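Please read the points below alongside the model.

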Amino acid sequence: MSAVPPDWLTKGLPHIWLPYTQMLTSPPPLPVVATQGSRIKLADGRELVDGVASWWTACHGYNHPHIAGAVTRQLRDMPHVMFGGLAHAPALTLARRLVELLPKPLDRVFFCDSGSVAVEVAMKMAVQFWLNQGAGGRTKFLSFKGGYHGDTFATMAVCDPEEGMHSLFSNVLTKQVIADLPVDEASEWAFDAALDAHAGALAAILVEPLAQGAGGMIFHDPAVLRKLRRAADRHGILLIFDEVFTGFGRTGTMFACEAAGVVPDIIALSKALTGGTMGLAATVATSTVFEAFSSTDPMRALMHGPTFMANPLACAAANASLDLFASEPRLRQVAAIAAALARDLEPCRDFAGVRDVRVQGAIGVVELDQINDMNELKRRFVESGVWVRPFRNIVYLTPAFTIAEAELKRLTDAVVAVLGAWSKAW
C-alpha cells in the first residue's frame, strides 16, 4: 500500500481553497479515487465506510445504477438548457412528483442549485409576498438558537448568532429575531413575547423541523412544530420549513413536517433530492403564496433565476431518486438504522466527557463536553476504517439508507471504540 500521495493532489493542493478548513494547521484532505455503495476508496487502496453520506446527501448510497443510468441517458439527450422561456420534461415531471409527495397545498416549485439558495429564495418569497400586498414593513424573520440555514449573507443572518461559524460577520449581517425553540413553558413564554414584540415587522418564522443539523444536531418534538404553526396563524405571518437536511426520509418520514401533521407555507429542499449525485434544490410554496405574485404588473413577479436552475441532468437524477423511494423500502431501512444506532451507540453514554446520546431516524449523535483536538479525533476514525467527520462537540452518523448491516455495525463499533479510548484521557 503506497503512502505516496497522488500527483494530482500534490500539484493541485497549493491552488485549492478548502471549505471550513484552516489549511495552515489541518492535515491535507484524503485523496479519493472511487465510491461505491457506502464505501469511499482512497488513492492508497484503503476503503472507508462512509458514516455521513457526503454531508447527508447520498441516501441511496454512491453510484446507484438506476440514478447513474438516468443521468447517462439525460447527458446524451440534453445536459442543460436555460429555464428562462424554455421548459423540459425532467424539471416539469420532477415538480409534479414533488407536489404529489408533499402535503397540500404546497404546489408551486421553484428550482435552484443549493440548500443555502433554496432558503434564501424562501426568504425572498416571504418578503415579496408582503410587499406585493402593500405590507412593506414585514421584512424580518424569526428563527431559532441552534439553527443553521446556510452560508450566504441572508441565511447567515438567520443562523444561531452564538454558534460561532458566522460570528465574524455579525456587524455586516441584517439583524433578525433569534429565539429559543418553544420546547417548554419558559421558552414558550419567551417565544410568544418575541412574537408579540416583533410580529408587525416579521415576514415569516423559519425553522429546521425535528432536527437542527449543522447547528449541533439538536432534536425537538413534533409538538413544537404545531406550536409554531399556531403562532404563525395567530399573528398572520408565514411559516417556512428548512428541510434541506431533514427532507427525503432522514428523520423517519419522507418529510419531517409529516411527523407533526403541519404544513408550512414554504418549504426548502436540497441535499438528498438527487440522491447525492449533483447539486439541485427546490423551494416549494403554497398556492396562497404563489397567488400573491400573480398580476399584470411585471414588477410583482419573483425576480430570481439561477443560471443552472432546473438543470436537466440534476432533475433526471432527482426523478430517479424518487423512483427508488417509490420502489424500494427506504423508510423501513431508516427505521432499522434508527434502532441499530440507538442500541449500538448506547455504550457511549457511560463514557467520561459524554454529555448525551440521541437518535432521530437515520441520525445518531454522541454529544461530548468538548473536543480539544479535532484533527486527532478524525485521524483515529480513519485509522478505524471509517469516514466520520465530527464538528464542534458532536460525533454523529448519518449513513446511507442502503448501508449494509455489517457496515453500520462497523461505524457504530468505531465510534464506541474511538470515544472509549478518548474518554480515558478525558
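The numbered points below take these topics in turn.

1. This is a predicted model, in which local features need pLDDT of at least 70 and side-chain atom pairs count only at pLDDT 80 or more, while totals for chains, interfaces and linings use all residues. Residues are numbered from 1 along each chain as its sequence is written, and side-chain values use heavy atoms, with hydrogens and water left out.

2. E243 sits in the loop between β10 (238–242) and α9 (256–260); helices (H or I, at least four residues) and strands (E, at least two) are DSSP runs numbered from the N terminus. E243 is buried but forms no salt bridge, and R250, the nearest side chain of opposite charge, is 11 Å away. Buried means under 20% relative accessible area, exposed over 50%, and partly exposed in between (1.4 Å probe, protein chains only). A salt bridge requires a side-chain nitrogen of Lys or Arg within 4 Å of a carboxyl oxygen of Asp or Glu. Lys and Arg count as positive and Asp and Glu as negative, with His and the chain ends not counted.

3. The E243 side chain does reach the backbone nitrogen of C257, at 2.9 Å. Leaving aside residues up to four places away in sequence, E243 touches P209, F255, A256, C257, I267, A268 and L269 (contact: heavy atoms within 4.5 Å).

4. The largest nonpolar core has 106 residues, of which F111, L142, F248 and L419 touch the most other members. Such a core is a set of buried Ala, Val, Leu, Ile, Met, Phe, Trp, Tyr and Cys residues joined through side-chain atoms within 4.5 Å. Helix α5 (residues 115–131) supplies the largest share of this core, 10 residues. The core lies between domain 1 (7–63 + 329–424) and domain 2 (65–327), because both give residues to it; the bounds come from an automatic or database domain assignment. Apart from this core lies another, of 14 residues, among them W56, A211, A214 and I394.

5. The whole structure holds 24 salt bridges. One of them joins R39 and E407 (2.7 Å, N to O). This pair links distant parts of the chain, 368 residues apart, with R39 in strand β2 (residues 39–42) and E407 in helix α14 (residues 405–424). R39 is partly exposed at 24% relative accessible area, whereas E407 is buried at 14%.

6. D356 and R358 also meet in a salt bridge (2.9 Å, N to O). Both belong to a salt-bridge network that links E346, R349, R355, D356, R358, E367 and D369.

How values were computed: Polar contact = N/O pair within 3.5 Å; in protein donor to acceptor, adjacent residues only side chain to side chain.
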